[in-house]
Amino acid sequence: MESLLNADSLVEWSNGFESVHNKKGTFRSPKYNEVHKRSIEKPEEFWGEVAELITWTKPWTKVMDNSNEPFTKWFVGGELNACYNAVDRHVHGGKGKKVALIHDSPLTQTVQKITYFELLDKVSRLAGALNKLGVRKGDRVVIYMPVVPETIIAMLAVVRLGAIHSVVFGGFAASELALRIEHATPKVVIAASCGVEPGKVINYKQMLNEAIKISSFKPRRCIILERGNIQKSVLNKNMDISWDNALNSSDPHPCVPIKANDPLYILYTSGTTDKPKGVERTVGHLVPVAWSMKAIHGMENDDVWWATSDFGWAVGHTYMCYGPLVCGLTSVLYEGKPIRTPDAGQYFRIIEKYQVNAMFTVPTALRVIKREDPCTIIGKQYDISSIRCLFLAGEHLDHETKMWAEDAFGVPVLNQWWQTETGYPITATCAGLDHNLHPPKLTVGLPFAGYDVRVLSKNGSEAKPNEIGDVVIKLPLPPGTFSTLYKAYSRFCKTYFRRYPGFYDSMDAGYIDEHGYVYITARVDDVINVAGHRISTAAIEDVVMSHPDVTDAAVVGVSEPIKGQTPLCLFIMRQDTNKSESTLAKELVSKVRESIGPIADLHLCVAVKELPRTRSGKACRKLVSKLADDQLFEIPATVENASSFKDIAKALQRIGYARNPPVLL
């Protein structure tokens, strides 16, 4: 396999690792080295110790059972309850008056603080209401709600009973919600009457009604959170129960212990191109997630944590619900946007107002703030001295955005790599394991405990340092990753474990440098093959993003009759630039040629108004490539701004592509 660049050039592109390494000393702390080595060589001993962080109602008899790989079981025989670990044990430990959740909503101009004692009261009574509706251990409950505390209350109430929640992103249309209802077959659906976006109200109840109507499976009842200060809905007396009535008419229900390998939740993922897959995760997930809050993010008991996401994505489950609450932290929930609610200073305002110590977000959010407030004139109005680190994941973090964010927030900005399937970081720069908080340029960090990360060539042989290949993880996967796909065991094996036997196929491309640092360059489908050379979209995008007049960019591969493929760059121009599109395009071509070399072969650059992205921030490169090459495609429901494809089609036509766009555009 031929890499993007030779080893020497690749190291230079990655910010001269050798020179940085020699000046600053080792990035790999002795503490990390010892932890990671033990987690790989003695996994049962290691995870048995970590598992003591949480409360078990029945101890395990065996830490790991790998007799049926890849269906590895952890903490076999152990029993616990996720809700007890997230709420009850903190109240019993004397922390009932501590604030668990802070909900700040500039969209509704409200702020709400909920203590652990108040959380316990609401969760236990909602669990009682669900129990009265027939929800028992192992049953499914679909949750369709926005970023409000009640979403977490609903999740915890479900798992309090030993039932399984499936949270569906509140912006999905009725057809997408119906698919998930049909597949999960929930006894009950819990939904809000509406959600709020800048300038509009989204009628959740109307979409829920339509979803139930077209679904072949009908839930028994629906519990509806009425957001009366925004929009009330008409309840069906035969189907619907108001949230307030459900809580007020029910007694608290105790926690139901379940086995460590029983399901905690089902989370549907479709990425950017595929049909939804139901990722099934067990309750043993709490072990690595709780430990990651300290080991990766450096959080202590009295710290304030803030993760920006919507519910219905892995971040919402891991770092808005279970992670911070199991650790007894105070966690911020923000119902708003990085900008427009009302300005680009909202992230800074939240940090100052609630003395946030660490924050988790996506690179796109930072790029949006940078576009609106490049000199942080608004942001500098706030005192954000409380924050120690900013953590990012979900998509490629270009170096220009990282440097801007470190200057704007005044703290290290640390990128991670993980997936819905893993449920928590595969690689990271670990603030709690004494990592140097200024790692090499573009890295997603070092493998986290339990992850034996490798890079393989197409023939299955291990790639050399700095050589691009398919990033895989040697089995067994650590605890807390997905246990299977719901109702799709054969698909689970075929999708993730067939191509490289003995490994989990991440379907991401990248490389590992000679010091063990991991670099994710693209999804496997996004590696461009130009005349036999495998070229990373991330490498080209990073050079493009370093241009001061570019605020966002995406590079895709398009068909080329001689070389097979050639890169095409979509870029967004800085609003106040005085350069024309053609001038800027020429500068980008020249800049890529100077930085990477003629091998990159970039000569197609076109300006667009916005890039199509999923709601978790990933650029839809494969869809853009199909649009350019006149291939048929469907726009998944996970795409947040589907209308952007119309503008992109027109832009592509200016350079001879997308001659026959789909009728839907």
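This briefing describes selected features of the structure shown above, grouped by topic. The structure is a predicted model, in which local features need pLDDT of at least 70 and side-chain atom pairs count only at pLDDT 80 or more, whereas totals for chains, interfaces and linings use all residues. Residues are numbered from 1 along each chain as its sequence is written, and side-chain values use heavy atoms, with hydrogens and water left out.

**Nonpolar cores**

- A nonpolar core is a set of buried Ala, Val, Leu, Ile, Met, Phe, Trp, Tyr and Cys residues joined through side-chain atoms within 4.5 Å.
- Buried means under 20% relative accessible area, exposed means over 50%, and partly exposed lies in between (1.4 Å probe, protein chains only).
- The largest nonpolar core has 153 residues, and those with the most contacts inside it are Phe 75, Leu 119, Leu 156, Ile 190, Trp 243, Trp 305 and Tyr 322.
- A second, separate core comprises 29 residues, including Phe 348, Val 368, Phe 409 and Val 411.
- In soluble globular proteins, nonpolar side chains tend to be buried together.

**Packing of helices α7 and α12**

- Helices (H or I, at least four residues) and strands (E, at least two) are DSSP runs, numbered from the N terminus.
- Helix α7 (residues 149-160) packs against helix α12 (residues 314-326) at an angle of about 65 degrees, and their axes are 11 Å apart.
- Axes are lines fitted to C-alpha atoms, for helices over the stretch in contact, and angles run from 0 to 180 degrees between N-to-C directions.
- Contact means heavy atoms within 4.5 Å.
- From α7, the residues Ile 152, Met 155, Leu 156 and Val 159 meet His 317, Met 320, Cys 321, Tyr 322 and Leu 325 of α12.
- Leaving aside its neighbours within four places in sequence, Leu 156 is in contact with residues that include Cys 83, Leu 119 and Tyr 322.

**Cis peptide bonds**

- The peptide bond between Glu 69 and Pro 70 is cis, with omega of about 10 degrees, and Pro 70 is found in the loop between β1 (62-65) and β2 (73-76).
- Leu 475 and Pro 476 are also joined by a cis bond, with omega near 5 degrees; Pro 476 is in the loop between β24 (469-474) and β25 (484-485).

**Positive phi values**

- Phe 75, a residue other than glycine, has a positive phi near 55 degrees; Phe 75 lies in strand β2 and counts as buried because its relative accessibility is 0%.
- Asp 630 is not a glycine, yet its phi is positive at about 60 degrees; Asp 630 is in the loop between α19 (621-628) and α20 (644-653) and counts as partly exposed because its relative accessibility is 31%.
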